[in-house]
Amino acid sequence: MILIQNGRVVDPVTGADEVMDVLIKDSVIEETGHGLEADGAQIIDATGLVVAPGLVDVHVHFRDPGLTYKEDINTGAAAAARGGFTTVVCMANTKPVVDSIETLQYVQEKGETTGIHVLQAASVSKDLKGKELVDMDALAVAGAAGFTDDGIPIMDEKLLVTAMEKARDLDMPISLHEEDPLFIKQAGVHQGRVSKQLNYGGASRTAEDVMVARDCILALHTGAPVCIQHISSGNSVELVRTAKKLGADIHAEATPHHFTLTEDAVLKYGTLARMNPPLRTEEDRMKIIEGLKDGTIDMIVTDHAPHSTEEKEKPLGSAPSGITGLETSLGLGLLSLVEPGHLTLMELMACMSKKPAEFYRMIPGSITQDAPADIVIFGEKERWTVDHFASKASNSPFKGWELPGKVHYTICAGKIVYQG
């Protein structure tokens, strides 16, 4: 048993925001209330700390199978636990691609050994080639969390419509990477002032906008539950907003790097700020924040993308895109959204646990009796310095930053999986 005493419970499912005790027995919450006692229980004094449902990240890359020099399921899960996450959904662009039951089961079985909930999305197309659909029925039965070709846009509208219709019939999410190669001269950097300064071709926001416009309409046409992944363009935010008004079952993700940094970060951090889609302008950044404020953007995800130091030390044009994100996500959400007054802490928790869980057809975590004991305990304003990582990788522009939101405990299925 674990007895959490005097913590500020912030629960976006029930709307509770009050100081109380939480008693955990086995893998569930036995009781909540005031002045609870339990003989033999491990006591956690959470005075001055926030007690919230475990965070949920529905967009991570654990590079396993096939690219485990960057990350593996165990180190990725350790990074997640250190960041306060109790559930993650892994993307399918591994080697081999998660387009078969065999590869899906490999991740599921390895994930069960980590201490957190590791779910796996299957690809939409076989080998991510955009030519032939996977067996979505079989993968759904085998426990795939959803479908995505993340990392690669699906250019074939006929294939995509068929996939959307199948996702609708299965009531499963389909999540889309939106970058049309026609409008990308060189990936990873916004096509604008900074790319000109660097004499680097860059990626236009049009690459995202044309795909988002298409897929918003296809979502409306098919009725499928569709997610626009890692949105970066202010225009795309407006397109999703309009599609929601029209009645589409459309959703969107935002990453901490897209609501915290702009294209200027490339000048300061080099390849550590190279990502797809790229960091854009301050105007885009603020439109993403507005989208989070009004609910146009439902989910905060990390797009946790570990790479080796050697890879990131390559020149800008040949280094891989992406950053590690699981261990800095909560802190950046507090720094960039809560502290400036854009979101309340409750709203941040909804974007980081309740809404992503709901979109991926999970029962969202809650600090209530009989709920699974998946919990994060953190100091909302307690500063910590980003100086090391549980991930295998350290490719982050936030190294050396001082962030709020120090995670003290992550508890998953009633067990402490991280203590810091």
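Contact here means heavy atoms within 4.5 Å. The structure is a predicted model, in which local features need pLDDT of at least 70 and side-chain atom pairs count only at pLDDT 80 or more, while totals for chains, interfaces and linings use all residues. Residues are numbered from 1 along each chain as its sequence is written, and side-chain values use heavy atoms, with hydrogens and water left out.

With a relative accessible area of 3%, leucine 330 is buried (buried means under 20% relative accessible area, exposed over 50% and partly exposed in between, with a 1.4 Å probe and protein chains only). Not counting residues up to four places away in sequence, leucine 330 touches Leu55, Gly83, Leu348, Met349, Met352, Phe378, Gly405 and Val407. Leucine 267, by comparison, is 63 residues from leucine 330 in sequence and 25 Å from it in space, C-alpha to C-alpha.

Helix H12 (residues 329–338) packs with helix H13 (residues 345–359) at an angle of about 140°, their axes being 11 Å apart. Axes are lines fitted to C-alpha atoms, for helices over the stretch in contact, and angles run from 0 to 180 degrees between N-to-C directions. H12 and H13 are therefore oblique to each other, given that angles under 35 degrees count as roughly parallel, over 145 as roughly antiparallel, 65 to 115 as roughly perpendicular and the rest as oblique. On the H12 side, Ser329, Leu330, Gly333, Leu334, Leu337 and Val338 meet Leu345, Leu348, Met349 and Met352 of H13.

Leucine 55 stands opposite phenylalanine 85 in S7, and S6 and strand S7 (residues 85–90) pair in the parallel sense over four bridges; two strands pair if DSSP finds at least two bridges between them. An open sheet of three strands has the order S6-S7-S8, with parallel pairing. Its edge strands are S6 (55–60) and S8 (117–120), each of which pairs on one side only. On average, neighbouring strands of this sheet are turned by 20° against each other, direction ignored.

Antiparallel pairing is found between strand S2 (residues 17–25) and strand S3 (residues 28–33), over five bridges. There, leucine 23 stands opposite glutamate 31 in S3. The hairpin of S2 and S3 has two residues between the strands, and aspartate 26 takes a positive phi near 60° in this hairpin.
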